Amino acid sequence: MSKFQFPESIKSRPVYGTLEPRPGKAHLLIADAEGAEAILDLAAQDADLIAKAHIIFIPKGTDYSDKLRALNPAQYYEGPSYEASLQRLRHVLAHAHQGLQVYLTGTEGLMGQAQNEAMQAGIPHTAIQTEHRGSVARRMQCVHCKGITEDVMHDPFQCAHCGLHLFVRDHYSRRLAAFQGVRVDAEDPGNIPDPVELYS
Amino acid sequence: MSAAPQKAKPGAEQIPVTVSAVVPLNDLVTRFEFKRTDGAPFPTFSGGAHTVVTMQDDGRTRLNPYSLMSDPADTSTYAISVRRDDQGRGGSLFMHTRVKVGDEMTLTYPVNLFSLDLRARKHLFFAGGIGITPFMSMIAQLERMNGHWELHYAVRTEALGTYVDELRYKFPNKVHVYYDDQNDAIPLESLLDGQPLGTNAYVCGPKGMIDWVHATAAASGWPDAQVHSEEFMAPQPGAPFEVRLCKSDKTIKVGENESLLEAMEREGVEAPFLCRGGACGQCETDVVSYDGEFVHRDHWLDDDQHASGQKIMPCVSRFVGKSLELDR
């Protein structure tokens, strides 16, 4: 099961939908891990769309590659990590035209960062489709040292940069594509609750 | 949503002006230029803004919105270009036949419901006929900031090509004109195809043209947020009807050739407004009770609100039926 229903939260928290085929001159599909399943679902609805699609996939140890290749998209690229795929993503966006539809699916960190790139290339965020699949791990920014910690699964967690223990907030920055982590023991130094797995 | 509720007042602040020039451009369109009567500079505005002109027409007050088409940075003069509509309600005829250099009139402060999105990588303008006016000020604004734009302008005939010569002379590589009488149509589909990512499209013209651009852009995968349009509608005549205004404790009659908003103003009821064309939302009014059918004509309320019978935009919408009571 790759779908997770996030509980309702503050307005800042991103809300994800379900990918649907939309008219477009070109289609850019970006997914990591279980996000591949959302692409397969989309392809089942509209095979013509996939024929015009460029798929960028980051497997993160999953084995969806063969299934995605079998869809026969116009272009298929597989990257070992988001960071490694970024050059390609920026190149694609720099040469894209109006009428490009962007579909993002998989983890929040991937969708947030790719959405940010698409926004900077000139696509309004309201026009970018997203669908969450797979891990609920978060990309967190430490509001104190500004360092980003990827794949945070526990609350509180320790900042990978400055070592502070941070409370996982739903307060989100679209610009940073990260949730905000705030020192959990600021008022009572040393009083750090036991970490609990997110949404457990 | 902003925390403070907007203070609803009738219209934007007024500026007393003196007509400084009346320039006929062709058979249908005349430009009117204004200076402030007090000699002070006008406020600057942003390209696409409009002003509401007050006309004193033999005891009848007419308030018509027109796009400001002068250079937004020119604080010495405001200019509008008015197309004469012989079948219209008389505002444009009043401007054409009665307004002379030296006349004193009032304009409102500029209000912009059709502004440039300055995040756009490129601005693609589609104008039909008198719909050219907001683009005149947008182009002046963009030229000052070295903006990237192009204009596709459809006119009926060469003789009715308002500002065509001026635009072509100044911007020969950016302005493209299409003549209806030569069966020359804007090649919309191919123009929308291949534009750089982040291009914004703007359309001002007849309703059919606006719908055409929105529909074609949507079918080509353009985000809604990047297709902008402006259409001011003049209120349409209709059967007279009676309205109870409960806050003012008045029952008024709306005549065949006046809008509900105009009838309220005639009766001295202070009703908020800005655009008077169904676009801005300022005059939105709650319905207390009704027995009959609404004739909604605005672009502000959505279909559900239109169907709910709880809101009406008195600047353009009407009512047919037994009774209507409004919270005004």
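Here is a friendly conversation about the predicted two-chain model above.

Visitor: How are residues and chains labelled, and what pLDDT do local features need?

Guide: Residues are numbered from 1 along each chain as its sequence is written, while chains are lettered from A and ligands numbered from 1 in the order in which they are written. As this is a predicted model, side-chain atom pairs count only at pLDDT 80 or more, totals for chains, interfaces and linings use all residues, and local features need pLDDT of at least 70.

Visitor: What is the mean pLDDT of chain B, and over which residues is it below 50?

Guide: The pLDDT is the predictor's confidence in each residue, from 0 to 100. In chain B, 97% of residues reach 70 or more, and the mean is 93. One stretch has a pLDDT below 50 and makes zero contacts in the model beyond near neighbours in sequence: residues 1-5 of chain B. Where pLDDT is low, the predicted coordinates should not be read in detail.

Visitor: How many residues of chain A are in contact with chain B, and of which classes are they?

Guide: Two residues are in contact if their C-beta atoms, placed from the backbone, lie within 7 Å. By that rule, 16 residues of chain B meet 17 residues of chain A. The chain A side comprises eight nonpolar, seven polar and two charged residues, where Ala, Val, Leu, Ile, Met, Phe, Trp, Tyr, Cys and Pro count as nonpolar, Asp, Glu, Lys and Arg as charged, and the others, Gly among them, as polar.

Visitor: Is A:Val102 buried or exposed, and why?

Guide: A:Val102 sits in strand E4 (residues 100-106) of chain A; strands (E, at least two residues) and helices (H or I, at least four) are DSSP runs, numbered from the N terminus. A residue is buried if 20 or more other C-beta atoms lie within 10 Å of its own, exposed if 12 or fewer, and partly exposed in between, with C-beta atoms placed from the backbone. Leaving aside neighbours within four places in sequence, A:Val102 contacts A:Leu28, A:Ala118, A:Ile123, A:Ile128 and A:Gln129. Because A:Val102 has 26 C-beta neighbours inside 10 Å, it counts as buried.

Visitor: Which residues touch the most other members of the largest nonpolar core?

Guide: A nonpolar core is a set of buried Ala, Val, Leu, Ile, Met, Phe, Trp, Tyr and Cys residues joined through C-beta atoms within 7 Å. The largest has 53 residues, with at least three from each of domain 1 (14-108) and domain 2 (122-230) of chain B, bounds that come from an automatic or database domain assignment. Touching the most other members are B:Phe135 and B:Ala201.

Visitor: How many residues of helix H2 of chain B are buried?

Guide: H2 spans residues 133-144, and its buried residues include B:Phe135, B:Met138 and B:Leu142. They pack against several strands of chain B, among them strand E7 (122-128) and strand E10 (199-204). The helix is mostly covered, and the count of buried residues is nine of twelve.

Visitor: What is the radius of gyration of chain A, and how many helices and strands does the chain have?

Guide: Chain A has five helices and twelve strands.
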